[in-house]
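The following report describes how parts of a structure are arranged and how they touch one another. Please keep the sequence and the structure in view while reading.

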Amino acid sequence: MNSASPIVEVSGLRKVYGGRVVVDDVSFGVDEGEIFGILGPNGAGKTTTVECVEGLRILDGGRVRVAGLDPVADHAAVTQVLGAQLQESELQAKLTVREALELYAALYPNPADWRPLAERLGLTGRLNTRFGVLSGGQKQRLFIALALIGNPRVVVLDELTTGLDPRARRDTWEVVEDVRARGVTVLLVTHFMEEAQRLCDRIAVIDQGRITALDTPQGLISASAGSTVISFTPSAPLDNDELAALPALASVELKDGRLTLGGSDETVTALLSLLARRRITAHQLRVTDATLDDAFLDLTGATK
Amino acid sequence: MSAIAVPVRRTSPRTAVLRAEARLFRREAGTLFWTLGFPPLLLVILGSIKSFRKFDPGLGMRVIDVYVPTLVLVALIVTGLQAMPPVITGYRERGILRRMSLTPVRPSALLTAQMGLNGAAGVLSALVCLAIGRLAFDVQLPKQALGYTLAFLLTVTAALALGALISALAPTARLATGVGMVVFFPSLFSAGLWAPVQSMPHTLREIVVLLPFGAASQALQQAAAGHWPAWSHLGVLAAWAVVLSVAAARWFRWE
(Lines give C-alpha, C1' and ligand atoms only; values in the text may rest on other atoms or scores of the structure.)
Protein backbone atom coordinates (compact mmCIF):
# COMPACT_ATOMS: atom_id res chain seq x y z
CA MET A 1 0.00 0.00 0.00
CA ASN A 2 2.68 2.47 1.01
CA SER A 3 4.01 4.38 -1.94
CA ALA A 4 7.66 5.31 -2.04
CA SER A 5 7.45 8.98 -1.12
CA PRO A 6 5.03 10.67 1.27
CA ILE A 7 2.06 12.45 -0.27
CA VAL A 8 2.64 15.46 1.97
CA GLU A 9 6.24 16.45 2.63
CA VAL A 10 7.18 19.27 4.94
CA SER A 11 10.84 19.98 5.60
CA GLY A 12 12.45 22.73 7.61
CA LEU A 13 9.24 24.79 7.49
CA ARG A 14 9.59 28.23 9.03
CA LYS A 15 7.01 30.98 9.30
CA VAL A 16 7.48 34.37 10.94
CA TYR A 17 4.76 36.91 11.73
CA GLY A 18 5.96 40.38 12.60
CA GLY A 19 9.30 39.19 13.94
CA ARG A 20 7.73 36.36 15.95
CA VAL A 21 8.67 32.85 14.85
CA VAL A 22 5.40 30.92 14.73
CA VAL A 23 6.64 27.78 13.02
CA ASP A 24 10.27 26.81 13.44
CA ASP A 25 12.02 24.06 11.50
CA VAL A 26 9.01 21.77 11.26
CA SER A 27 9.50 18.60 9.22
CA PHE A 28 7.24 15.60 8.69
CA GLY A 29 5.93 13.37 5.95
CA VAL A 30 2.42 12.03 5.60
CA ASP A 31 2.10 8.65 3.89
CA GLU A 32 -0.71 7.95 1.48
CA GLY A 33 -3.72 6.44 3.25
CA GLU A 34 -2.87 7.37 6.82
CA ILE A 35 -4.52 9.70 9.28
CA PHE A 36 -1.76 11.97 10.41
CA GLY A 37 -2.42 14.15 13.43
CA ILE A 38 -0.94 17.49 14.34
CA LEU A 39 -1.50 17.91 18.04
CA GLY A 40 -0.60 20.84 20.21
CA PRO A 41 -1.88 23.47 22.58
CA ASN A 42 -3.63 26.58 21.24
CA GLY A 43 -1.22 28.95 19.52
CA ALA A 44 1.39 26.25 18.95
CA GLY A 45 1.55 26.86 15.20
CA LYS A 46 -0.65 23.95 14.06
CA THR A 47 -2.95 25.98 11.86
CA THR A 48 -0.11 28.00 10.35
CA THR A 49 1.62 24.74 9.45
CA VAL A 50 -1.38 23.34 7.59
CA GLU A 51 -2.07 26.71 5.95
CA CYS A 52 1.39 26.41 4.41
CA VAL A 53 0.42 22.92 3.17
CA GLU A 54 -2.80 24.37 1.71
CA GLY A 55 -0.90 27.13 -0.08
CA LEU A 56 -2.62 29.91 1.86
CA ARG A 57 0.68 31.18 3.29
CA ILE A 58 4.01 32.00 1.74
CA LEU A 59 6.80 30.17 3.54
CA ASP A 60 9.62 32.06 5.21
CA GLY A 61 11.83 29.02 4.95
CA GLY A 62 11.84 25.32 4.17
CA ARG A 63 9.91 23.33 1.64
CA VAL A 64 6.40 21.92 1.31
CA ARG A 65 5.21 19.46 -1.32
CA VAL A 66 1.77 17.96 -1.82
CA ALA A 67 1.82 15.05 -4.26
CA GLY A 68 5.10 16.52 -5.46
CA LEU A 69 3.60 19.95 -6.11
CA ASP A 70 4.45 23.31 -4.56
CA PRO A 71 1.21 24.54 -2.89
CA VAL A 72 1.96 28.20 -3.68
CA ALA A 73 3.60 28.03 -7.11
CA ASP A 74 1.33 25.22 -8.37
CA HIS A 75 -1.71 26.35 -6.42
CA ALA A 76 -4.27 25.51 -9.10
CA ALA A 77 -2.91 21.97 -9.44
CA VAL A 78 -2.70 21.48 -5.67
CA THR A 79 -6.37 22.47 -5.20
CA GLN A 80 -7.27 19.41 -7.27
CA VAL A 81 -5.37 16.95 -5.05
CA LEU A 82 -6.00 18.60 -1.71
CA GLY A 83 -9.31 19.41 -0.09
CA ALA A 84 -9.59 21.27 3.19
CA GLN A 85 -11.87 22.35 5.94
CA LEU A 86 -10.75 25.60 7.52
CA GLN A 87 -10.82 26.31 11.22
CA GLU A 88 -12.82 29.50 10.97
CA SER A 89 -14.78 29.85 7.82
CA GLU A 90 -18.40 30.14 6.86
CA LEU A 91 -20.53 30.09 3.77
CA GLN A 92 -23.07 32.62 2.60
CA ALA A 93 -25.82 32.46 5.23
CA LYS A 94 -28.67 32.14 2.75
CA LEU A 95 -27.06 29.49 0.56
CA THR A 96 -28.76 26.12 1.01
CA VAL A 97 -26.85 22.89 1.52
CA ARG A 98 -27.81 21.68 -1.95
CA GLU A 99 -26.73 24.96 -3.56
CA ALA A 100 -23.40 24.89 -1.71
CA LEU A 101 -22.75 21.31 -2.86
CA GLU A 102 -23.72 22.12 -6.46
CA LEU A 103 -21.66 25.31 -6.46
CA TYR A 104 -18.50 23.72 -5.10
CA ALA A 105 -18.90 20.69 -7.37
CA ALA A 106 -18.97 23.08 -10.34
CA LEU A 107 -15.64 24.58 -9.32
CA TYR A 108 -13.74 21.33 -9.91
CA PRO A 109 -12.90 19.67 -13.22
CA ASN A 110 -13.69 16.15 -11.93
CA PRO A 111 -16.02 16.50 -8.97
CA ALA A 112 -17.51 13.68 -6.94
CA ASP A 113 -21.26 13.20 -7.28
CA TRP A 114 -22.54 15.28 -4.39
CA ARG A 115 -25.66 13.15 -3.77
CA PRO A 116 -23.98 10.04 -2.31
CA LEU A 117 -21.57 12.34 -0.52
CA ALA A 118 -24.45 14.16 1.16
CA GLU A 119 -26.08 10.83 1.92
CA ARG A 120 -22.97 9.47 3.61
CA LEU A 121 -22.56 12.62 5.67
CA GLY A 122 -26.17 12.55 6.78
CA LEU A 123 -27.05 15.77 4.97
CA THR A 124 -29.80 14.42 2.74
CA GLY A 125 -32.53 15.66 5.04
CA ARG A 126 -30.97 19.11 5.14
CA LEU A 127 -30.49 19.81 1.44
CA ASN A 128 -32.93 22.70 1.39
CA THR A 129 -31.77 24.18 4.69
CA ARG A 130 -29.84 27.42 4.56
CA PHE A 131 -26.28 27.41 5.88
CA GLY A 132 -27.07 30.07 8.48
CA VAL A 133 -29.53 27.87 10.35
CA LEU A 134 -27.55 24.62 10.35
CA SER A 135 -26.28 23.29 13.68
CA GLY A 136 -22.54 23.27 14.38
CA GLY A 137 -22.29 19.57 13.59
CA GLN A 138 -24.21 19.93 10.34
CA LYS A 139 -22.00 22.83 9.26
CA GLN A 140 -18.90 20.75 9.93
CA ARG A 141 -20.33 17.81 7.98
CA LEU A 142 -21.07 20.15 5.08
CA PHE A 143 -17.50 21.46 5.21
CA ILE A 144 -16.23 17.87 5.14
CA ALA A 145 -18.42 17.26 2.10
CA LEU A 146 -17.02 20.38 0.41
CA ALA A 147 -13.47 19.27 1.26
CA LEU A 148 -14.17 15.94 -0.47
CA ILE A 149 -16.16 17.20 -3.43
CA GLY A 150 -13.18 17.69 -5.71
CA ASN A 151 -12.16 14.03 -5.26
CA PRO A 152 -8.93 14.93 -3.46
CA ARG A 153 -6.17 12.53 -2.46
CA VAL A 154 -5.52 14.42 0.77
CA VAL A 155 -7.89 16.30 3.06
CA VAL A 156 -6.82 18.71 5.76
CA LEU A 157 -9.24 18.94 8.69
CA ASP A 158 -8.46 21.76 11.10
CA GLU A 159 -10.08 21.68 14.55
CA LEU A 160 -12.93 19.76 13.06
CA THR A 161 -14.81 19.00 16.25
CA THR A 162 -14.16 22.16 18.24
CA GLY A 163 -17.46 23.49 19.53
CA LEU A 164 -19.37 20.27 18.88
CA ASP A 165 -21.21 18.36 21.57
CA PRO A 166 -19.81 14.91 22.48
CA ARG A 167 -22.41 13.10 20.38
CA ALA A 168 -21.74 15.18 17.25
CA ARG A 169 -18.00 14.79 17.88
CA ARG A 170 -18.24 11.00 17.87
CA ASP A 171 -20.36 11.05 14.72
CA THR A 172 -17.76 13.23 13.07
CA TRP A 173 -14.98 10.83 14.04
CA GLU A 174 -16.82 8.05 12.26
CA VAL A 175 -17.00 10.23 9.19
CA VAL A 176 -13.23 10.79 9.30
CA GLU A 177 -12.61 7.05 9.59
CA ASP A 178 -14.94 6.51 6.67
CA VAL A 179 -13.00 9.06 4.61
CA ARG A 180 -9.78 7.21 5.26
CA ALA A 181 -11.43 3.89 4.48
CA ARG A 182 -12.00 5.26 1.00
CA GLY A 183 -8.26 5.73 0.58
CA VAL A 184 -8.10 9.45 1.20
CA THR A 185 -5.16 10.60 3.28
CA VAL A 186 -6.15 12.76 6.24
CA LEU A 187 -4.10 15.50 7.88
CA LEU A 188 -5.91 16.22 11.12
CA VAL A 189 -5.25 19.24 13.33
CA THR A 190 -6.57 18.98 16.84
CA HIS A 191 -5.99 19.89 20.44
CA PHE A 192 -8.17 17.03 21.71
CA MET A 193 -6.08 14.12 22.95
CA GLU A 194 -8.96 11.70 22.81
CA GLU A 195 -9.59 12.58 19.19
CA ALA A 196 -5.94 12.16 18.22
CA GLN A 197 -5.65 8.89 20.13
CA ARG A 198 -8.78 7.47 18.58
CA LEU A 199 -8.20 8.51 14.97
CA CYS A 200 -4.54 9.02 14.18
CA ASP A 201 -2.04 6.49 12.87
CA ARG A 202 0.77 8.87 13.69
CA ILE A 203 0.91 12.16 15.55
CA ALA A 204 3.28 15.09 15.43
CA VAL A 205 3.17 16.99 18.71
CA ILE A 206 3.85 20.70 18.15
CA ASP A 207 4.68 23.10 20.91
CA GLN A 208 5.75 26.71 20.44
CA GLY A 209 6.27 26.21 16.74
CA ARG A 210 8.48 23.14 17.00
CA ILE A 211 7.82 19.42 16.73
CA THR A 212 8.54 17.90 20.13
CA ALA A 213 7.60 14.33 19.25
CA LEU A 214 6.43 12.30 16.25
CA ASP A 215 5.20 8.76 16.74
CA THR A 216 2.16 6.49 16.88
CA PRO A 217 -0.20 7.32 19.77
CA GLN A 218 0.99 4.19 21.62
CA GLY A 219 4.61 5.07 20.91
CA LEU A 220 4.13 8.56 22.33
CA ILE A 221 2.56 7.17 25.49
CA SER A 222 5.20 4.56 26.18
CA ALA A 223 8.05 6.92 25.34
CA SER A 224 6.89 9.47 27.84
CA ALA A 225 7.89 9.17 31.46
CA GLY A 226 5.12 7.68 33.59
CA SER A 227 3.46 5.50 30.97
CA THR A 228 1.84 3.47 33.73
CA VAL A 229 -0.35 5.08 36.35
CA ILE A 230 -0.86 3.43 39.74
CA SER A 231 -3.39 4.81 42.17
CA PHE A 232 -4.61 3.54 45.54
CA THR A 233 -5.60 4.58 49.04
CA PRO A 234 -3.01 3.25 51.50
CA SER A 235 -4.28 1.91 54.84
CA ALA A 236 -1.39 3.74 56.58
CA PRO A 237 0.90 6.57 55.49
CA LEU A 238 3.92 5.59 53.40
CA ASP A 239 7.38 6.95 53.96
CA ASN A 240 8.22 9.66 51.42
CA ASP A 241 11.83 8.63 50.99
CA GLU A 242 10.89 5.04 50.36
CA LEU A 243 8.38 6.16 47.73
CA ALA A 244 10.93 8.41 46.08
CA ALA A 245 13.34 5.52 45.87
CA LEU A 246 10.97 3.44 43.69
CA PRO A 247 12.52 2.60 40.31
CA ALA A 248 11.41 4.54 37.18
CA LEU A 249 9.14 6.76 39.21
CA ALA A 250 7.98 9.82 37.21
CA SER A 251 5.44 11.49 39.46
CA VAL A 252 3.83 11.27 42.88
CA GLU A 253 0.62 12.94 43.86
CA LEU A 254 -1.29 12.68 47.14
CA LYS A 255 -4.81 13.96 47.15
CA ASP A 256 -7.50 13.28 49.77
CA GLY A 257 -5.53 10.33 51.08
CA ARG A 258 -5.24 8.76 47.63
CA LEU A 259 -1.81 8.26 46.10
CA THR A 260 -1.25 8.46 42.35
CA LEU A 261 2.14 7.36 41.00
CA GLY A 262 3.35 7.61 37.44
CA GLY A 263 6.02 5.15 36.39
CA SER A 264 6.55 1.89 34.58
CA ASP A 265 5.83 -1.82 35.17
CA GLU A 266 9.00 -1.88 37.24
CA THR A 267 7.54 0.77 39.54
CA VAL A 268 4.45 -1.39 40.07
CA THR A 269 6.45 -4.45 41.08
CA ALA A 270 8.63 -2.51 43.46
CA LEU A 271 5.64 -0.74 44.97
CA LEU A 272 3.81 -4.00 45.63
CA SER A 273 6.78 -5.49 47.48
CA LEU A 274 7.21 -2.26 49.47
CA LEU A 275 3.55 -2.42 50.54
CA ALA A 276 3.94 -6.09 51.52
CA ARG A 277 7.06 -5.34 53.60
CA ARG A 278 5.33 -2.51 55.45
CA ARG A 279 2.08 -4.49 55.79
CA ILE A 280 0.11 -1.69 54.21
CA THR A 281 -3.04 -2.53 52.30
CA ALA A 282 -3.71 -0.74 49.00
CA HIS A 283 -7.42 -0.04 48.92
CA GLN A 284 -9.03 0.40 45.52
CA LEU A 285 -5.79 -0.27 43.70
CA ARG A 286 -5.88 0.69 40.02
CA VAL A 287 -3.09 0.20 37.53
CA THR A 288 -3.75 1.80 34.15
CA ASP A 289 -1.83 2.74 31.05
CA ALA A 290 -1.34 6.46 30.77
CA THR A 291 -3.46 8.22 28.16
CA LEU A 292 -2.17 10.44 25.42
CA ASP A 293 -3.26 13.25 27.69
CA ASP A 294 -0.52 12.38 30.19
CA ALA A 295 2.03 11.90 27.45
CA PHE A 296 1.04 15.22 25.90
CA LEU A 297 1.49 17.15 29.12
CA ASP A 298 4.84 15.50 29.52
CA LEU A 299 5.90 16.28 25.93
CA THR A 300 4.79 19.89 25.81
CA GLY A 301 6.23 20.55 29.23
CA ALA A 302 2.91 22.02 30.28
CA THR A 303 2.93 22.61 34.00
CA LYS A 304 0.29 20.79 35.91
CA MET B 1 -37.24 13.57 -4.44
CA SER B 2 -36.25 13.98 -8.06
CA ALA B 3 -32.83 12.60 -7.26
CA ILE B 4 -32.45 10.49 -10.38
CA ALA B 5 -28.82 10.91 -11.36
CA VAL B 6 -28.64 13.43 -14.14
CA PRO B 7 -25.69 12.95 -16.48
CA VAL B 8 -23.05 15.39 -15.30
CA ARG B 9 -23.71 18.68 -17.01
CA ARG B 10 -20.75 20.99 -16.76
CA THR B 11 -21.34 24.58 -15.82
CA SER B 12 -18.28 26.78 -16.07
CA PRO B 13 -16.99 27.59 -12.57
CA ARG B 14 -17.39 31.36 -12.96
CA THR B 15 -20.94 30.94 -14.25
CA ALA B 16 -21.73 28.73 -11.26
CA VAL B 17 -20.41 31.41 -8.89
CA LEU B 18 -22.38 34.12 -10.67
CA ARG B 19 -25.56 32.02 -10.58
CA ALA B 20 -25.22 31.32 -6.87
CA GLU B 21 -24.56 34.98 -6.11
CA ALA B 22 -27.54 36.03 -8.23
CA ARG B 23 -29.73 33.68 -6.21
CA LEU B 24 -28.42 35.11 -2.96
CA PHE B 25 -28.91 38.64 -4.28
CA ARG B 26 -32.57 37.86 -4.91
CA ARG B 27 -32.97 36.61 -1.35
CA GLU B 28 -31.98 39.92 0.21
CA ALA B 29 -35.31 41.71 0.38
CA GLY B 30 -33.81 44.82 1.96
CA THR B 31 -31.15 45.20 -0.70
CA LEU B 32 -33.70 44.57 -3.44
CA PHE B 33 -35.87 47.36 -2.09
CA TRP B 34 -33.06 49.91 -1.75
CA THR B 35 -31.48 49.17 -5.11
CA LEU B 36 -34.50 48.51 -7.32
CA GLY B 37 -37.40 50.01 -5.40
CA PHE B 38 -36.17 53.14 -3.66
CA PRO B 39 -34.87 55.27 -6.58
CA PRO B 40 -38.01 54.81 -8.74
CA LEU B 41 -40.21 55.33 -5.67
CA LEU B 42 -38.43 58.57 -4.82
CA LEU B 43 -38.88 59.73 -8.40
CA VAL B 44 -42.61 59.00 -8.19
CA ILE B 45 -42.86 60.96 -4.93
CA LEU B 46 -40.95 63.95 -6.32
CA GLY B 47 -42.99 63.81 -9.51
CA SER B 48 -46.20 63.91 -7.51
CA ILE B 49 -45.32 67.37 -6.23
CA LYS B 50 -47.32 69.63 -8.47
CA SER B 51 -44.92 72.58 -8.57
CA PHE B 52 -42.09 70.26 -9.72
CA ARG B 53 -44.06 69.60 -12.88
CA LYS B 54 -44.34 73.32 -13.72
CA PHE B 55 -41.82 75.22 -15.80
CA ASP B 56 -39.21 76.85 -13.55
CA PRO B 57 -37.84 80.02 -15.16
CA GLY B 58 -34.75 79.94 -12.91
CA LEU B 59 -33.76 76.47 -14.15
CA GLY B 60 -35.01 76.95 -17.67
CA MET B 61 -36.93 73.66 -17.37
CA ARG B 62 -39.17 71.78 -14.94
CA VAL B 63 -37.69 70.56 -11.64
CA ILE B 64 -38.72 66.98 -12.50
CA ASP B 65 -36.65 67.18 -15.69
CA VAL B 66 -33.61 67.85 -13.54
CA TYR B 67 -34.48 65.11 -11.08
CA VAL B 68 -34.52 62.21 -13.54
CA PRO B 69 -30.73 62.25 -14.14
CA THR B 70 -30.24 62.79 -10.41
CA LEU B 71 -32.28 59.67 -9.57
CA VAL B 72 -30.39 57.72 -12.20
CA LEU B 73 -27.32 58.64 -10.12
CA VAL B 74 -29.08 57.76 -6.87
CA ALA B 75 -29.68 54.25 -8.26
CA LEU B 76 -25.97 53.83 -8.99
CA ILE B 77 -24.91 55.33 -5.65
CA VAL B 78 -27.22 53.05 -3.65
CA THR B 79 -25.97 49.89 -5.35
CA GLY B 80 -22.29 50.87 -5.33
CA LEU B 81 -22.01 52.38 -1.85
CA GLN B 82 -24.78 50.78 0.16
CA ALA B 83 -25.55 47.37 -1.24
CA MET B 84 -22.16 46.04 -2.31
CA PRO B 85 -19.51 46.92 0.32
CA PRO B 86 -21.04 45.07 3.31
CA VAL B 87 -21.47 41.93 1.20
CA ILE B 88 -17.88 41.84 -0.02
CA THR B 89 -16.40 42.81 3.34
CA GLY B 90 -18.61 40.18 4.99
CA TYR B 91 -17.29 37.54 2.58
CA ARG B 92 -13.78 38.38 3.66
CA GLU B 93 -14.65 38.69 7.36
CA ARG B 94 -16.42 35.33 7.47
CA GLY B 95 -13.74 33.43 5.58
CA ILE B 96 -15.85 32.85 2.47
CA LEU B 97 -13.11 34.25 0.23
CA ARG B 98 -10.51 32.03 1.93
CA ARG B 99 -12.71 28.98 1.53
CA MET B 100 -12.99 29.64 -2.17
CA SER B 101 -9.23 30.13 -2.50
CA LEU B 102 -8.89 26.41 -1.61
CA THR B 103 -10.70 25.50 -4.84
CA PRO B 104 -9.40 25.73 -8.41
CA VAL B 105 -11.35 29.00 -8.75
CA ARG B 106 -9.82 32.26 -7.57
CA PRO B 107 -11.90 34.13 -4.97
CA SER B 108 -11.86 37.09 -7.38
CA ALA B 109 -14.76 35.25 -9.06
CA LEU B 110 -16.90 36.26 -6.07
CA LEU B 111 -15.86 39.90 -6.40
CA THR B 112 -16.53 40.10 -10.13
CA ALA B 113 -19.90 38.37 -9.62
CA GLN B 114 -20.84 40.90 -6.93
CA MET B 115 -19.70 43.86 -9.00
CA GLY B 116 -21.54 42.54 -12.04
CA LEU B 117 -24.77 41.92 -10.12
CA ASN B 118 -24.75 45.24 -8.31
CA GLY B 119 -23.78 47.03 -11.51
CA ALA B 120 -26.65 45.32 -13.33
CA ALA B 121 -29.10 46.18 -10.54
CA GLY B 122 -27.98 49.83 -10.65
CA VAL B 123 -28.38 49.97 -14.43
CA LEU B 124 -31.81 48.34 -14.23
CA SER B 125 -32.96 50.72 -11.51
CA ALA B 126 -31.67 53.67 -13.56
CA LEU B 127 -33.53 52.47 -16.66
CA VAL B 128 -36.72 52.14 -14.62
CA CYS B 129 -36.27 55.76 -13.50
CA LEU B 130 -35.84 56.89 -17.11
CA ALA B 131 -38.94 54.94 -18.11
CA ILE B 132 -41.05 56.32 -15.25
CA GLY B 133 -39.88 59.84 -16.07
CA ARG B 134 -40.87 59.38 -19.68
CA LEU B 135 -44.19 57.60 -19.13
CA ALA B 136 -45.50 59.21 -15.96
CA PHE B 137 -44.07 62.72 -16.02
CA ASP B 138 -43.40 63.31 -19.70
CA VAL B 139 -39.65 63.79 -19.19
CA GLN B 140 -37.94 63.41 -22.55
CA LEU B 141 -35.44 60.59 -22.98
CA PRO B 142 -31.82 61.80 -23.25
CA LYS B 143 -31.44 63.57 -26.57
CA GLN B 144 -27.70 63.01 -26.85
CA ALA B 145 -27.97 59.25 -26.32
CA LEU B 146 -24.35 58.38 -27.04
CA GLY B 147 -22.97 61.05 -24.71
CA TYR B 148 -25.48 60.02 -22.05
CA THR B 149 -24.48 56.35 -22.35
CA LEU B 150 -20.79 57.22 -22.14
CA ALA B 151 -21.25 59.39 -19.03
CA PHE B 152 -23.55 56.73 -17.55
CA LEU B 153 -21.05 53.90 -18.03
CA LEU B 154 -18.21 55.96 -16.57
CA THR B 155 -20.43 56.66 -13.55
CA VAL B 156 -21.28 52.97 -13.10
CA THR B 157 -17.56 52.20 -13.12
CA ALA B 158 -16.76 54.98 -10.64
CA ALA B 159 -19.60 53.95 -8.29
CA LEU B 160 -18.54 50.28 -8.28
CA ALA B 161 -14.88 51.25 -7.84
CA LEU B 162 -15.75 53.49 -4.89
CA GLY B 163 -17.75 50.63 -3.38
CA ALA B 164 -14.84 48.26 -3.98
CA LEU B 165 -12.49 50.69 -2.27
CA ILE B 166 -14.78 50.84 0.78
CA SER B 167 -14.87 47.02 0.80
CA ALA B 168 -11.10 46.99 0.60
CA LEU B 169 -10.54 49.38 3.49
CA ALA B 170 -13.29 48.39 5.94
CA PRO B 171 -12.22 45.49 8.17
CA THR B 172 -15.77 44.38 9.03
CA ALA B 173 -19.16 44.34 7.30
CA ARG B 174 -20.53 46.69 9.98
CA LEU B 175 -17.81 49.21 9.32
CA ALA B 176 -18.35 48.85 5.59
CA THR B 177 -21.99 49.82 6.13
CA GLY B 178 -20.89 52.75 8.28
CA VAL B 179 -18.26 54.03 5.87
CA GLY B 180 -20.70 53.51 3.02
CA MET B 181 -23.17 55.76 4.87
CA VAL B 182 -20.55 58.45 5.44
CA VAL B 183 -19.74 58.55 1.73
CA PHE B 184 -23.39 58.02 0.74
CA PHE B 185 -24.82 61.37 1.83
CA PRO B 186 -22.14 63.62 0.30
CA SER B 187 -22.51 61.55 -2.86
CA LEU B 188 -26.28 62.11 -2.94
CA PHE B 189 -25.70 65.80 -2.25
CA SER B 190 -23.15 66.16 -5.04
CA ALA B 191 -25.50 64.30 -7.39
CA GLY B 192 -27.99 67.11 -6.76
CA LEU B 193 -30.62 65.30 -4.70
CA TRP B 194 -31.16 68.23 -2.31
CA ALA B 195 -30.55 71.03 -4.76
CA PRO B 196 -29.75 70.68 -8.45
CA VAL B 197 -26.04 71.21 -9.08
CA GLN B 198 -26.74 74.05 -11.54
CA SER B 199 -28.62 76.01 -8.86
CA MET B 200 -25.80 75.71 -6.28
CA PRO B 201 -23.76 78.82 -5.36
CA HIS B 202 -20.80 79.33 -7.69
CA THR B 203 -17.96 78.23 -5.35
CA LEU B 204 -19.86 75.19 -4.13
CA ARG B 205 -20.62 74.18 -7.69
CA GLU B 206 -16.94 74.53 -8.64
CA ILE B 207 -16.10 72.02 -5.91
CA VAL B 208 -19.01 69.66 -6.53
CA VAL B 209 -18.22 69.20 -10.22
CA LEU B 210 -14.80 67.91 -9.22
CA LEU B 211 -16.46 65.09 -7.29
CA PRO B 212 -17.43 61.96 -9.22
CA PHE B 213 -21.19 62.27 -8.84
CA GLY B 214 -21.16 66.05 -9.24
CA ALA B 215 -19.35 65.70 -12.55
CA ALA B 216 -21.67 62.84 -13.47
CA SER B 217 -24.73 64.90 -12.66
CA GLN B 218 -23.58 67.73 -14.93
CA ALA B 219 -22.56 65.37 -17.74
CA LEU B 220 -25.94 63.58 -17.64
CA GLN B 221 -27.87 66.88 -17.53
CA GLN B 222 -26.02 68.16 -20.57
CA ALA B 223 -26.55 64.94 -22.52
CA ALA B 224 -30.21 64.83 -21.50
CA ALA B 225 -30.61 68.33 -22.90
CA GLY B 226 -29.06 67.25 -26.18
CA HIS B 227 -25.48 68.50 -25.82
CA TRP B 228 -22.33 66.44 -25.88
CA PRO B 229 -21.20 66.34 -22.20
CA ALA B 230 -18.30 68.69 -21.46
CA TRP B 231 -14.97 66.87 -21.70
CA SER B 232 -14.01 68.38 -18.36
CA HIS B 233 -16.85 66.46 -16.66
CA LEU B 234 -16.11 63.26 -18.55
CA GLY B 235 -12.44 63.68 -17.72
CA VAL B 236 -13.15 64.12 -14.00
CA LEU B 237 -15.37 61.02 -14.06
CA ALA B 238 -12.83 58.92 -15.92
CA ALA B 239 -10.04 60.06 -13.59
CA TRP B 240 -12.09 59.07 -10.53
CA ALA B 241 -12.97 55.71 -12.07
CA VAL B 242 -9.29 54.95 -12.70
CA VAL B 243 -7.96 56.24 -9.38
CA LEU B 244 -10.64 54.47 -7.33
CA SER B 245 -10.18 51.19 -9.22
CA VAL B 246 -6.42 51.26 -8.79
CA ALA B 247 -6.74 52.12 -5.10
CA ALA B 248 -9.27 49.32 -4.54
CA ALA B 249 -7.05 46.80 -6.27
CA ARG B 250 -4.00 48.08 -4.37
CA TRP B 251 -5.53 47.84 -0.90
CA PHE B 252 -7.86 44.89 -1.21
CA ARG B 253 -7.01 42.12 1.24
CA TRP B 254 -8.26 38.58 0.77
CA GLU B 255 -8.33 37.89 4.50
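## A sheet in chain A

Arg14(A) has Gly61(A), a residue of β4(A), as its bridge partner. In this predicted model, that strand and strand β1 (residues 8–17) of chain A pair in the antiparallel sense, with 5 bridges between them. Strands of a sheet pair through backbone hydrogen bonds, and the pairing may be parallel or antiparallel.

The open sheet of chain A is formed by 3 strands in the order β2-β1-β4, and its pairing is antiparallel. At its edges are β2 (20–30) and β4 (61–66) of chain A, each of which pairs on one side only. From one strand to the next, the twist averages 25°. Helix α1 (residues 46–54) of chain A packs on this sheet and touches β1, β2 and β4 of chain A. The direction of the helix makes about 120° with that of β1(A).

## Two domains in chain A

Chain A is divided into domain 1, covering 8–215, and domain 2, covering 223–299. How far apart do the C-alpha centres of domain 1 of chain A and domain 2 of chain A lie, and what is the answer in Å? The C-alpha centres of these two domains lie 40 Å apart.

The domains also touch: 8 residues from domain 1 of chain A and 6 residues from domain 2 of chain A take part in the contact. On the side of domain 1 of chain A, the elements giving two or more residues are α7 (193–199) and β9 (210–215) of chain A. By class, this side has 5 nonpolar, 2 polar and 1 charged residues.

## Where chain A meets chain B

Between the chains, 24 residues of chain A are in contact with 20 residues of chain B. Helix α3 (residues 97–106) of chain A gives the largest share of the side of chain A that touches chain B, namely 4 residues. That side of chain A has 12 nonpolar, 5 polar and 7 charged residues.

## Helices α3 and α6 of chain B

Two packed helices are described by the angle between their axes and by the distance between the axes. For helix α3 (residues 63–93) of chain B and helix α6 (residues 145–169) of chain B, the axes come within 8 Å and cross at roughly 30°. Because angles under 35 degrees count as roughly parallel, α3(B) is roughly parallel to α6(B). The crossing in which α3(B) passes α6(B) is right-handed.

Residues of α3(B) that make the contact include Leu73(B), Ile77(B), Gly80(B) and Met84(B). From α6(B), the residues include Val156(B), Ala159(B), Gly163(B) and Ile166(B). By class, the contact of α3(B) with α6(B) has 12 nonpolar, 5 polar and no charged residues.

## Helices α6 and α10 of chain B

The axes of α6(B) and helix α10 (residues 231–251) of chain B come within 8 Å and cross at roughly 30°. The helices α6(B) and α10(B) are therefore roughly parallel to each other. Is the crossing of α6(B) and α10(B) left-handed or right-handed? It is a left-handed crossing.

Among the residues of α6(B) in this contact are Leu150(B), Leu154(B), Ala158(B) and Leu165(B). The residues of α10(B) include Leu237(B), Trp240(B), Leu244(B) and Trp251(B). The contact of α6(B) with α10(B) divides into 19 nonpolar, 3 polar and no charged residues.

Methods
Residues are numbered from 1 along each chain as its sequence is written. Chains are lettered from A and ligands numbered from 1 in the order in which they are written. This is a predicted model: local features need pLDDT of at least 70, side-chain atom pairs count only at pLDDT 80 or more; totals for chains, interfaces and linings use all residues. Two residues are in contact if their C-beta atoms, placed from the backbone, lie within 7 Å. Ala, Val, Leu, Ile, Met, Phe, Trp, Tyr, Cys and Pro count as nonpolar, Asp, Glu, Lys and Arg as charged, and the others, Gly among them, as polar. Axes are lines fitted to C-alpha atoms, for helices over the stretch in contact, and angles run from 0 to 180 degrees between N-to-C directions. Angles under 35 degrees count as roughly parallel, over 145 as roughly antiparallel, 65 to 115 as roughly perpendicular and the rest as oblique. A crossing is left-handed if the near helix is turned anticlockwise from the far one by less than a right angle, and right-handed if clockwise. Two strands pair if DSSP finds at least two bridges between them. Domain bounds come from an automatic or database domain assignment.
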